[in-house]
Amino acid sequence: MTSKLMHRESPSVGTLLREWRNRRGVSQMELASRAGCSARHLSFVETGRARPSMEVLLRFAADLDLPLRERNVLLVAAGFAPYYPESSMDGPAPGVVQRRLRRLVAAHEPHPVLVFDDQYRIVEANRTFGALVGDVSPELLRPPANFLRLLLHPQGLAPLMPDQGAWREHLLGRLRRHLTRTGSAPLKALYQEVSGYPVPSAARQGHQQASGADGVFEFPYALPLRIVRGGRTLSFISTVMTFNAFADVAVSELAVATLLPADAATSAGLRSLRARPRARQGAAGRSVSGLSAADQERWPGWSEEEPLPRG
């Protein structure tokens with residue numbers, strides 16, 4: 001993790017602190033008061049006339065709600081070592097965090113579940129999710145697969161989603177909010193890419209199309225994610241959760257998306273998907289053409305599942 005931080009452009013700690021404070025819309029007086037120091041000291045830190053202690057910097061970072069990765073960047077800019085550890089998510093062998101994630105997603109079978117990072121890259125998924133997306137373009141499945149590309153790309157799930165106009169609007173709005181909060185350059189590039197995907201004429205109607213679709217607002221609390229597979233419409237209520245009380249950079253950037261069946265027909269359809277052949281095979285029970293053996297082995301949706309403890 002330290003090497004990643006050291007190879008970034010290195011603005012001063014004062015510059016970073018001022019940029020984050022302005023991004024959050026917080027005055028020097030307000031931040032200093034919340035952090036328990038004087039506005040004069042904060043002003044001196046931002047102009048480079050004073051060197052803050054690690055304790056004070058961590059208070060500033062917490063009050064500004066900085067992501068853990070950016071808190072480490074702030075500390076490194078001030079000459080300190082990174083404070084928060086970072087687990088590896090892309091090593092040659094699964095680490096402790098990956099094994100726990102694999103166990104978590106397997107426990108949700110037969111409901112599709114995936115775990116993605118702060119750039120929407122899929123780091124783990126269960127077999128049902130792998131089967132659900134197994135027939136999309138192999139290029140979109142090549143690791144690291146991206147959740148937003150799978151949903152919005154014209155060769156992904158988008159053509160199979162009757163309400164893709166409403167979902168496109170929702171997902172791009174979510175990505176904009178995420179980008180505003182983090183200021184991430186990779187997220188900005190991702191937004192420019194996915195927002196530029198061609199939109200089928202039917203989807204341009206957005207919510208008007210969705211409101212006219214049979215049953216799409218049957219659930220007053222959420223817009224179902226509907227996917228048509230083999231002439232059958234699978235309808236899901238989606239939830240996204242994050243981990244609580246995290247102290248690891250990689251874990252703090254993870255989110256878990258769960259697709260829960262919205263009706264009995266979808267539950268039956270999921271059982272059918274789950275029962276089909278596995279081991280690096282798509283939803284049609286065949287190897288996914290276009291993916292190398294190494295890529296197929298790395299795709300999370302075909303990971304070997306660890307047995308869950310019983311009792």
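1. Helix α11 (164–182) contributes the most to the lining of the second largest pocket, with 4 residues. The pocket has a volume of about 260 Å³. Of its 18 lining residues, W167, H170, L171, S238 and V240 are the closest to the centre. Two or more lining residues come from each of α10, α11, β4 and β5 (255–261). By class, the lining holds 13 nonpolar, 4 polar and 1 charged residues. Nonpolar here covers Ala, Val, Leu, Ile, Met, Phe, Trp, Tyr, Cys and Pro; Asp, Glu, Lys and Arg are charged, and the others, Gly among them, are polar. A pocket is an open set of points on a 1 Å grid over the protein atoms alone, with protein on both sides within 12 Å along at least five of seven lines, whereas a cavity is a set where a 1.4 Å probe fits but cannot get out; lining residues have an atom within 4 Å of a point. Points are joined across faces, edges and corners, and the volume is the space filled by probe spheres set on them.

2. The model is predicted: local features need pLDDT of at least 70 and side-chain atom pairs count only at pLDDT 80 or more, while totals for chains, interfaces and linings use all residues. Residues are numbered from 1 along each chain as its sequence is written, and side-chain values use heavy atoms, with hydrogens and water left out.

3. The chain contains 16 helices and 5 strands, taken as DSSP runs numbered from the N terminus (helices H or I, at least four residues; strands E, at least two). Of its 311 residues, 47% count as buried (under 20% relative accessible area; exposed is over 50%, partly exposed in between; 1.4 Å probe, protein chains only). Among contacts (heavy atoms within 4.5 Å) between residues at least 6 apart in sequence, 60% join residues at least 24 apart.

4. The largest nonpolar core has 42 residues, and those with the most contacts inside it are L114, I122, F129, F147, L150, F236 and W299. Its largest share, 6 residues, comes from α11. Such a core is a set of buried Ala, Val, Leu, Ile, Met, Phe, Trp, Tyr and Cys residues joined through side-chain atoms within 4.5 Å. Beyond its neighbours within four places in sequence, L114 is in contact with I122, E124, A125, F129, F147, A255, V256 and A257. A second, separate core of 27 residues includes L17, V26, V73 and L75.

5. The bond from E109 to P110 has omega near 5 degrees, and P110 is in the loop between α7 (96–107) and β1 (113–116). The bond from P143 to P144 has omega near -5 degrees; P144 lies in the loop between α9 (138–141) and α10 (147–152).

6. Y120, in the loop between β1 and β2 (122–125), has a phi of about 65 degrees and is buried, with a relative accessible area of 4%. A245 has phi near 55 degrees and is found in the loop between β4 (232–242) and α14 (249–252); at 70% relative accessibility, A245 is exposed. Most residues other than glycine have a negative phi, and most peptide bonds are trans.

7. S272 is placed in helix α15 (residues 264–275) and is partly exposed at 33% relative accessibility. S272 and T128 are 144 residues apart in sequence and 9.7 Å apart in space, C-alpha to C-alpha.
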